[in-house]
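Have the structure open as you read.

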There are 2 protein chains.
Amino acid sequence: MADEITRTPIYQQVAARLAQEIANGTYEPGSLLPSETQLMERYSVSRPTARAAIAELRQLGLVESQHGKGTFVRRATEPTVTLDQSITRTGKTFHAYDRQFQETEAPHGTRIHTKGTTSTLLQEPDGVPAFAIDRILTDPTTGLRALHRAVIPFDTAQEIPDLQAHPEAGPTTIYAQLSTAGHTLHWTDDIRARIPTPDDRATLHAPTSSCLLVVHRITHGADRPLMLETLTIDADQAHLTYPHTAARAQPRRA
Amino acid sequence: MADEITRTPIYQQVAARLAQEIANGTYEPGSLLPSETQLMERYSVSRPTARAAIAELRQLGLVESQHGKGTFVRRATEPTVTLDQSITRTGKTFHAYDRQFQETEAPHGTRIHTKGTTSTLLQEPDGVPAFAIDRILTDPTTGLRALHRAVIPFDTAQEIPDLQAHPEAGPTTIYAQLSTAGHTLHWTDDIRARIPTPDDRATLHAPTSSCLLVVHRITHGADRPLMLETLTIDADQAHLTYPHTAARAQPRRA
DNA sequence: TATCATTTGTTCGTATGTATC
DNA sequence: CGATACATACGAACAAATGAT
């Protein structure tokens with residue numbers, strides 16, 4: 001690289017140049033990037049440097065390497081699955097995003113004590129006993145997998161016999177139970193994003209995923225949070241939509 | 001590493017072990033991880049292997065390296081800034097998240113032709129002429145920076161003299177203008193997450209950021225999309241909240 | 001089926017640059 | 001200035017996956 005003065009590392013210069021060539025179409029989506037050996041010759045760098053440049057592109061999500069085959073330019077991949085996050089009701093029946101998913105495995109319930117973010121979102125101290133029900137949801141048309149966890153404090157479950165007997169019911173079923181028990185429900189969705197752990201990638205079957213969207217949905221009664229749902233999806237494959245309107249401004253609760 | 005049989009790479013074994021020791025508190029948040037030289041001795045590996053292990057932890061967001069000082073265990077960092085994404089109005093005045101931000105620089109307007117995701121979200125073909133107004137917003141209490149881009153098709157601007165004269169007005173101002181022009185407004189937020197480019201990191205002043213949250217907000221009139229806003233923030237520092245209630249289920253527009 | 005060339009993955013060794021204290 | 005630490009860069013070797021011969 002003809003750059004002796006600036007302090008930009010060589011591998012970043014190579015990466016930047018390759019990124020530009022991908023952007024302008026020199027290397028087309030789906031095509032093979034030059035092999036490490038070829039990059040060594042072309043840019044007069046060592047193999048570790050060529051590898052570092054490719055690693056940079058991988059981290060940016062521009063390319064994908066396959067052992068024994070080569071490094072491919074990733075196709076610009078817009079998230080395809082749209083998750084409408086609005087909740088609707090018709091009479092006593094609630095509808096939410098879980099309607100578009102199938103359960104591939106039986107839900108797995110455990111008893112936990114809340115802590116950390118869970119406690120914060122439920123506005124409870126740490127150590128409150130609760131049911132935790134984990135599910136793997138699958139979108140049948142695309143194969144997208146999502147992780148769903150529902151956390152139901154014992155306090156909430158105790159009010160409602162049906163809920164206590166079957167905490168592993170689906171969220172919309174629980175909404176209906178809470179509603180018929182006299183609660184006026186509203187929700188707060190809390191949306192974050194984070195890097196997947198290797199475990200996340202395995203359970204979501206998304207080995208190349210780069211970011212996860214995490215939606216915490218808190219179901220509120222009139223005075224306090226009643227349950228917490230957490231939905232985790234691959235941000236490369238799915239995105240969220242929220243239809244909404246302007247509400248009349250009102251004095252906020254403390 | 002006493003592992004001659006399994007095919008797990010050594011650097012991943014070291015990384016997994018360090019990750020566990022970080023999780024169980026052997027290495028406390030904020031403390032210094034053993035240096036590369038120490039890791040070489042402790043695990044009987046070479047420097048590149050020790051470095052690869054640390055790189056793995058960096059990618060998982062568990063540690064942060066500082067040139068000349070060492071590698072530190074990152075404090076478990078919950079996003080601190082909460083962006084309430086609801087829109088409220090009092091009379092003719094609209095309020096949105098932009099109320100909690102300051103503009104550090106003057107907005108930068110250009111004329112563009114829509115393409116790609118922008119066209120899709122505006123439900124227009126590619127090549128439609130539009131104003132694009134870019135802003136850098138700053139939360140004064142925390143220093144969080146956010147990127148904001150408003151895309152206003154000429155079709156929308158032409159209806160409204162004030163808007164055409166000053167397309168660089170803030171979103172809530174534009175909502176008011178559209179509303180007084182007779183439009184009944186509603187919004188659809190489209191939420192995605194992606195890895196930051198080096199440019200993103202620079203403009204957001206978030207060199208260690210791992211994921212970005214991207215919110216596309218489409219302002220709809222009665223029949224068609226009127227404008228598109230895009231808000232980009234560091235997911236490590238901020239999260240979004242959407243308060244909502246169950247709407248009556250209604251037949252959907254095609 | 002077996003072999004071989006190609007390609008990426010892993011691991012070692014070593015040297016130099018540069019930031020920090 | 002020197003010691004320590006991470007960053008960059010080169011060279012070399014072998015392993016493992018892939019596809020073609």
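Start where β14 of chain A meets strand β4 (residues 88-90) of chain B: the two run parallel, joined over 2 bridges. Strands here are DSSP runs of E at least two residues long, helices are H or I runs of at least four, both numbered from the N terminus, and two strands pair if DSSP finds at least two bridges between them. In this pairing, A:Arg248 sits opposite B:Arg89 of β4(B). Helix α7 (residues 171-180) of chain B packs on the sheet and touches β4 and β5 of chain B, contact being heavy atoms within 4.5 Å.

This is a predicted model: local features need pLDDT of at least 70 and side-chain atom pairs pLDDT 80 or more, while totals for chains, interfaces and linings use all residues. Residues count from 1 along each chain as written, chains are lettered from A and ligands numbered from 1 in written order, and side-chain values use heavy atoms, without hydrogens or water.

The whole sheet is open, with 3 strands in the order β14(A)-β4(B)-β5(B) and mixed pairing.

What about polar contacts, meaning N or O pairs within 3.5 Å? A polar backbone atom of A:Glu36 is 2.9 Å from a phosphate oxygen of DNA strand C.

Key
Axes fitted to C-alpha atoms, helices over the stretch in contact; angles between N-to-C directions. Polar contact = N/O pair within 3.5 Å; in protein donor to acceptor, adjacent residues only side chain to side chain.
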